[in-house]
Amino acid sequence: MNQPVANAPGDSVPAASRRVTLTSGLEFASRFTVQIALLLLVAAFTWLSPQFLSVENWSNIARQSSVIAIAACGATFVIIIAGIDLSVGSVVALAGILSAGLVVNNGWPGWLGGVACLGVGILAGLFNGFCISRLGLSAFIATLSSLAMGRGLTMAYSNGQTIFGLPDDYNYPGAGTLFNVSVPIIITGCVFLIMHLVLAHTVFGHEVYALGGNREAARLAGINVRRVELLVYTLAGALTGLASWVLTGRLTAALPSSAVGLELDVIAAVVIGGASLFGGRGNMIGTFFGVLTIGVLRNGLNLLNVSPFWVQFVQGAVIFVAVLLDALGQRQRRVG
Amino acid sequence: MRLRMREISKAFGANLALSRVDVELSAGEVLGIVGENGAGKSTLVKALAGAHAVDAGTMEIDGRPVQFRSPADSIAAGVAVIYQELTIVPELSVAENVFLGTVPTHGRLPLVNRRRMQAEATRLLRGLGLEINPRQRAGSLSPGYQQMVEIARAINRRAKIVLMDEPTSYLSEHEVGRLYEFIARLKAQQLGIIYISHHLEEIFQVCDRVLVLRDGKTVAVKPIADWTSRSLVEAMVNRSIEQFYPYEPRRRGDVVLSVRHATVPPRLQDVSFDLHRGEILGIAGVVGSGRSELLKAIFGAHPLRGGRLEWNGRPFQPRGPSDAIRHGMVMVPEDRKAEGLMPDASIENNMAASVLPRIARFGFVQASLKRQLSLAGIRQFSVACRGPLSAVRTLSGGNQQKVIFARANAAEPRLYLLDEPTRGVDVGAKVEVYKQIMAFAAAGCAILLVSSELPELLGLADRVLVLNGGRVVGDLSRAAATHERVLHLSTGETVPDEVVHLTDAPAGDTLNRLYQP
């Protein structure tokens, strides 16, 4: 009876199995890069700062991350179809200012002001989507012009003045609590859950991945790529409107200069979460951890009294590493 | 002797693309190289261009041995390759294009010496008999002149050998005439020219000698006077493959698709034909003959500018691919990577892409239905893979193609539009694809099959439509569609308004008329 060599006892077996463990370990690491990075960050901050690992601090992180998180859910769709939305920050400011103006100056009820906030976001998203899917503008240029126009409209409408005096029902999504949990955290959780279901399990979600994976192939496979594109930007606009409502409510005032550069944090969170700017790759779970990484990084460095300038630098470095990994992975896929 | 290549061999895996090929080219000579697709022409071009390193053999230019490790080596040795696609920078002037990469400067200063550039470009262009203003924007020239500017650039870099690969693909008839004159002037300047073309009448117009490649080997090299268009075609043709195709005759059903005067300028002119239920209609024609445009126009992927379609007896105007799929048509596109696959997505998601609404309930894709669909597709088309969740990027070309077939098949179509369905697919997978195509037809589906591989087309089709220059030049039954005749019609001169209809074995004088060079 011949026994297979691999089963025979000897030195070769542990060596072989060690090799297997190493490669599968590398595979594991490349699949869970964000999670591992986040874990390391949490460990480091826990060790360096006694306040870090408290319930209070973590609910702080969650509350402060909620605006980025909600907008990042929309941006995940946009980035999966190999698009980009640079107008997030401006639209947040515009929706906040207009809705606050309607409530404070025109006497709209608070909740209706909130709906108007969503509406402004949807309109801005429709505009972006129309320019990109129907007029054929590049996403970068189309949303860059929306960025400028949105901020300009915000300043023109408000004369650069903050609008105070918002009623409680307007502020509820940003500042309220429900069963001892702050409402923005609940909203963020719901948005993540719903958007995860939409992206991973609906026809629309499948079409989004197909479009991002190969636009022409998706078209020839019978997917209405222009409609999907329009819907993606509109959805991103709606979530931007919701983020604006949460932010304005938390501040209990609409600032015309709020959310400047928010789009960069949002894109950073999505990319750190493993989505590819080349399109076709990314998911809500990754984005969730991407948002959390940015939140933890800021909070931890803050607790350690690191200067905000260095916080900014570190955040940039993290984005750099994420984009670098994306590009390296892309090259490897092309070679392989 | 400008160029001497000896016993050049190049293999891709087990496939011998070039096997001990000899090429000799004198100064002031035009050597034509012809062969079917896959005969080794493009490998030979790439070897000369330095894009492929050869496995064996030697090369000499002007008696000096050379070895190309990169395109830069080839350019430095004096070889210029003019591809079908132009590499002119449209926003720059003609002079700047001629001096692209070799801009004259003011001595050592890194400043462009415009005056010298203009003067030298003017002298060069005049020497080549080109009446072009060197200050003109290159993009404003017609494609023919752009091509000549490109050749002028090569000569400016002291090219001694000019290799033209299908140079007339994008040229009008008038421009082709100008190109012939231009080639005559290049000959007078003692350049060696290699001319590669599918169009035999061009070969007879410009070449002094013709080399025929088949299956990577030199079949014959003879002066042009010793060739007739018939002997040239016969030398190119490979007759050994017959049993390879699982062809079985079928009853032809009613007409399901009528195409009338279909026009997609500039590639497709006034194409009309009928397609029957259960019929495999092959579309023959060289690259650029309008084959792909025809399929895309029927599928709604290219707007049809003129003419009309009838599908199942009703006028049909597809608003886009999604509309065509709803009406029971599917397409397997020509370029698998660019038009067929989402490379990072799973086999499952690639297969389900055309039928998402059908496997969904309330907008949610049912995971179990999707899994059923992909497992059925993997089984039916015998896709070799680890499972339905593997990324299609990890599959071989043949298996990737099977995934696209499975996607098309899942849409339960009545018409298959197949554009080069076996390109880049290994032999084993090819046979499986052929069996599937036969099975589709046996089940009553209509099939439009475009293929550059003539044996494949003749082996599978019930009828062959020959396109040339965007027009139908032949409508041949299976019995009448011989290799020689199809090749002749698709590479011959276009005679508008003259369609060769052959339904059974042709009479002698028809044949003779066909083979008049």
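**Close-ups of a two-chain model**

**View 1. Leu163(B) and the residues it touches.** Leaving out residues up to four places away in sequence, Leu163(B) touches Val45(B), Leu48(B), Val79(B), Ala80(B), Val81(B), Ile82(B) and Ile194(B). Here, touching (being in contact) means that the C-beta atoms of two residues, placed from the backbone, lie within 7 Å. Keep in mind that this is a predicted model: local features need pLDDT of at least 70, side-chain atom pairs count only at pLDDT 80 or more, and totals for chains, interfaces and linings use all residues. Residues are numbered from 1 along each chain as its sequence is written, while chains are lettered from A and ligands numbered from 1 in the order in which they are written.

**View 2. The largest nonpolar core.** Leu163(B) turns up again here, with Ala71(A), Val162(B), Leu417(B), Ile447(B) and Leu449(B), among the residues with the most contacts inside the largest nonpolar core, which has 237 residues. Such a core is a set of buried Ala, Val, Leu, Ile, Met, Phe, Trp, Tyr and Cys residues joined through C-beta atoms within 7 Å. A residue is buried if 20 or more other C-beta atoms lie within 10 Å of its own, exposed if 12 or fewer, and partly exposed in between. The largest share of this core, 13 residues, comes from H3(A). Helices (H or I, at least four residues) and strands (E, at least two) are DSSP runs, numbered from the N terminus.

**View 3. Ile132(A) in helix H5.** Look for Ile132(A) in helix H5 (residues 110-133) of chain A. Ile132(A) is buried, because 26 other C-beta atoms lie within 10 Å. Apart from residues up to four places away in sequence, Ile132(A) touches Gly83(A), Leu137(A), Ala139(A), Ala142(A), Glu229(A) and Tyr233(A). Arg226(A) is 94 residues from Ile132(A) in sequence, yet their C-alpha atoms are 8.8 Å apart in space.

**View 4. Where chain B meets chain A.** Here 25 residues of chain B are in contact with 22 residues of chain A. On the chain B side, helix H10 (321-326), helix H11 (336-340) and strand E20 (364-365) are the elements that give two or more residues. This side of chain B divides into 16 nonpolar, five polar and four charged residues. Ala, Val, Leu, Ile, Met, Phe, Trp, Tyr, Cys and Pro count as nonpolar, Asp, Glu, Lys and Arg as charged, and the others, Gly among them, as polar.
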